[in-house]
Amino acid sequence: MPIYNAAMRYKEEGVPLVVVAGREYGTGSSRDWAAKGTRLLGVKAVIVESFERIHRSNLVGMGVLPLEFKPGVSRKTLELDGTELFDISGVAGGIEPRQDVTCQITRADGSSEEIQLTCRIDTLDEVEYFRHGGILQYVLRKLAAAA
């Protein structure tokens with residue numbers, strides 16, 4: 001099934017999506033539409049080994065949670081195959097720049113493991129953008145409050 005159709009099916013079913021990738025995620029696609037497309041597909045978080053600088057910032061601006069594996073950990077060392085479920089905790093109560101979050105990975109056979117990830121929301125301004133669901137929502141709320 002095409003990615004778009006799968007994403008829309010998950011969206012209808014209320015299933016949030018997570019992208020898992022390697023190094024320098026977003027390289028060559030750091031324009032804002034790459035992050036907008038990610039958000040429009042229903043992706044709530046991206047877990048990677050590292051980010052391209054501008055794309056990471058654009059993800060935050062779109063309200064997508066950028067997360068990095070700890071050094072020495074990757075999708076390969078975890079032997080991820082795409083059938084896993086991810087439960088990310090530690091962000092609902094508020095976020096601090098570069099805080100650790102817990103991710104429980106549940107495999108198709110029912111086994112699970114917890115790993116720590118670094119939240120790559122790097123500044124207090126980015127915390128505010130993310131808290132509002134993205135930079136557009138942040139700006140609109142600021143404008144509405146000033147009126």
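Reader: Is Thr38 buried or exposed, and what is its relative accessible area?

Author: A word on the source comes before the reply. This is a predicted model, in which local features need pLDDT of at least 70 and side-chain atom pairs count only at pLDDT 80 or more, while totals for chains, interfaces and linings use all residues. Residues are numbered from 1 along each chain as its sequence is written, and side-chain values use heavy atoms, with hydrogens and water left out. Buried means under 20% relative accessible area, exposed over 50%, and partly exposed in between, with a 1.4 Å probe and protein chains only. Thr38 has a relative accessible area of 9%, so it is buried.

Reader: Where does Thr38 lie, and with which residues is it in contact?

Author: Helices (H or I, at least four residues) and strands (E, at least two) are DSSP runs, numbered from the N terminus. Thr38 belongs to helix H2, residues 32-40. Contact means heavy atoms within 4.5 Å. Leaving aside neighbours within four places in sequence, Thr38 is in contact with Tyr25, Val43, Val46, Leu59 and Val64.

Reader: Which residues of the largest nonpolar core touch the most other members?

Author: In soluble globular proteins, nonpolar side chains tend to be buried together. A nonpolar core is a set of buried Ala, Val, Leu, Ile, Met, Phe, Trp, Tyr and Cys residues joined through side-chain atoms within 4.5 Å. The largest has 18 residues, and Leu65, Leu67, Ile95, Ile115, Leu117, Cys119 and Ile121 touch the most other members. At least two residues of this core come from each of E2, E3, strand E5 (100-106), strand E6 (112-119) and helix H4 (124-131). Another core, of 12 residues, lies apart from it and has Ala7, Ala21, Ala35 and Val46 among its members.

Reader: How many aromatic pairs does a search of the whole structure find?

Author: A pair of aromatic rings is described by the distance of the centres and the angle of the planes. Rings of Phe, Tyr and Trp (its six-membered ring) pair if their centres lie within 6.5 Å; planes under 30 degrees apart count as stacked, over 60 as edge-to-face and the rest as tilted. The search finds two pairs. Tyr25 and Phe51 form an edge-to-face pair, at 6.2 Å centre to centre and 85° between the planes. This pair links distant parts of the chain, 26 residues apart: Tyr25 is in the loop between E1 and H2, and Phe51 in the loop between E2 and helix H3 (53-61). Both Tyr25 and Phe51 are buried. The ring centres of Tyr129 and Tyr138 are 5.0 Å apart with planes at 70°, so this pair is edge-to-face as well. Tyr129 is partly exposed, at 21% relative accessible area, whereas Tyr138 is buried, at 18%.

Reader: What phi does Glu24 have, and what phi does Glu79 have?

Author: Neither residue is a glycine, yet phi is positive in each: about 50° for Glu24 and about 55° for Glu79. Glu24 is found in the loop between E1 and H2 and is partly exposed, with a relative accessible area of 43%. Glu79 is found in the loop between strand E3 (65-69) and E4. Its relative accessibility is 65%, so Glu79 counts as exposed.
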